[in-house]
Amino acid sequence: MLELSNIVVQYGMVKAVRNVSLTVGKGEIVALLGPNGAGKTTLVSAAVGILPVAAGNIRFDGADITKRPAESVVAMGLTLTPEGRRVFAELSVADNLTLGAATRKDRAGVAEDIDRYLKMFPILGERYHQVAKTLSGGEQQMLAVARSLMSRPKLLMLDEPSLGLAPRIVERIFELMIDLRKSGLTMLVVEQNATEALGIADRGYIMASGQVVYEGNAAEMVDSEDLMEAYLGAGVH
Amino acid sequence: MNLLLRTGINAVLPIGILVLLGSAILAFAEPYQVRVAYAFFMNLVIAIGLQVFMGNTGVVSFGHVSFMGISAYAVSLLTIPLALKKTLIPKAPFELATVHVGIVPAIVLALLFTALVAWLSGMVLKRVGGAAAEILTLALLVISFVVFNAWIDLTRGPRSLYGIPVVSSLPWAMAAAAVAIFVAKLFRDSDGGLQLRASSENLLAARAMGVPVESLRLRAWVISAVLVGVGGILHATYLGTIGPNSYYFTQTFLIMAMVILGGMRSVSGTIVGTALISVGSEAARSLENGPVIFGSKLPEMFGLTGFFLGTVIVLCMTLRRDGILGDDEFEDIVRQRRMRKTEAAAAAGVAAS
């Protein structure tokens, strides 16, 4: 469904992503793992069209989207939930959700979706008119995910959804991803929390220093202690 | 609720108050006070115009007064009587010395021309945000001033143009202010306005949502330039004479103080800021001449108005960076008070039972 081939992304002279190829098939959950600074966020930002790629090719749903701007990529059904719960802190929960549907024109459908996600995340309904900065970290992450879903994605890329959240909330986020997969959503999950991510994923990629250093079956990756130690560092278990 | 209807309802309160105020002045005030009121409504149109860009993009613009000048010069060059033009600007380029159109088509053409210049400059501006964009707007102000001041064949430079038909009066300025408030509120509440405000808060997240940031910035820039242009036309057609210095730093700082003091992210804030600064500068101006108060003669203090504006900006930036109203519109304040009242009532109910 999403095919990245030989992607290079540069910040000035520095190549943050070097010759990376990655695919996500329909209905899959794919985990993209790796330490800080490996280029994971850069890669997904380039995939959605926020950052320009210096070389390589991006295909989504059979179309070449390498040079398309984010607004057209999102409209096609490829959406990114950015790192660090980037909700619009000064805007209300209602406005945040509406903004998720920025590329959609069907007002009735948008209203229906808002109702649906308020049922799915009751806490957002309670806080509907409050500004987003008054929400807790976990609530903000729920809002960020709900906001991304408002664009009706076919493939959702989640960048570090568990970052800085309490273990109980992290668990809920991963349960949510399993539910979303059941509803037919394809996902690419960027995580440092390797074990949890591989627990729900079908396949995994490991990036280090801007390159993919390993790809494989998620279940096998969890079992391979050497691999986990080598690329994701000690303390993973 | 339908956007037009909702904006209409929300705009009734500020527009109503301003119309009442203007009507009272028309009915009872001295000619001098009518002139002050005219300046207030004209500056309100310009400040609201500036708010459309600054408030939604979060980018401070020093350049909007250029559009005031562009439309003022455009309308003047089209409406000054031909006989007068022959002596004022005999060598005007583009055969302008032989062109004369009625006031209404002249206003339309002037606004179209302003929109064109805004669109062209906006094509550059929309690609950058933050400090780079702010420096670009400053450059625009300087460039336009140099053109007004140095293209003697066209503008007569510092010697100023006169003979512009004086057709405007206080009711026109009031009507323009009402339209400007409505347009600004409509844009703020529209999908595009919301998306633009979101992008000014968090550019990356807005882009990830597929917000077309560049085209929205361009839209805000052109709409705000046209509103400021309306202010320029109000200026030229009231005074009948214009010169380059009216469209430079002094006017820029006056308008910026108005927008910043009230809260640049809110249309209502701009109205409040414009009112306070207008009253304040008028007071400062009367003090400049050393009036007699309670029998004692005060010293003359020329330049007090500028000092006043500077002080207001410094105090505002130090004490209340978001301006008096911050993000809130009048209707938000009303709604919050109502919510607090119901909450208090509910709490009281719980306590009683």
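Start with the interface: 20 residues of chain A are in contact with 14 residues of chain B. Contact here is C-beta atoms, placed from the backbone, within 7 Å. On the chain A side, the elements giving two or more residues are helix H2 (70–76) and helix H3 (93–100) of chain A. Helices are DSSP runs of H or I, at least four residues, and strands are E runs of at least two, numbered from the N terminus. By class, that side of chain A has 12 nonpolar, four polar and four charged residues. Nonpolar is Ala, Val, Leu, Ile, Met, Phe, Trp, Tyr, Cys and Pro; charged is Asp, Glu, Lys and Arg; the others, Gly among them, are polar.

This is a predicted model: local features need pLDDT of at least 70, side-chain atom pairs count only at pLDDT 80 or more, and totals for chains, interfaces and linings use all residues. Residues are numbered from 1 along each chain as its sequence is written, with chains lettered from A and ligands numbered from 1 in the order written.

Confidence next. The scores are ipTM 0.86 and pTM 0.88. Chain B averages a pLDDT (the predictor's per-residue confidence, 0 to 100) of 89.

Now helix H3 (residues 64–79) of chain B. 16 of its 16 residues are buried, so it is largely enclosed by the rest of the structure. Buried means 20 or more other C-beta atoms within 10 Å of a residue's own; exposed is 12 or fewer, partly exposed in between.

Finally, B:Val45. Leaving aside neighbours within four places in sequence, B:Val45 is in contact with residues including B:Ala176, B:Leu227 and B:Leu234.

Notes
Two residues are in contact if their C-beta atoms, placed from the backbone, lie within 7 Å.
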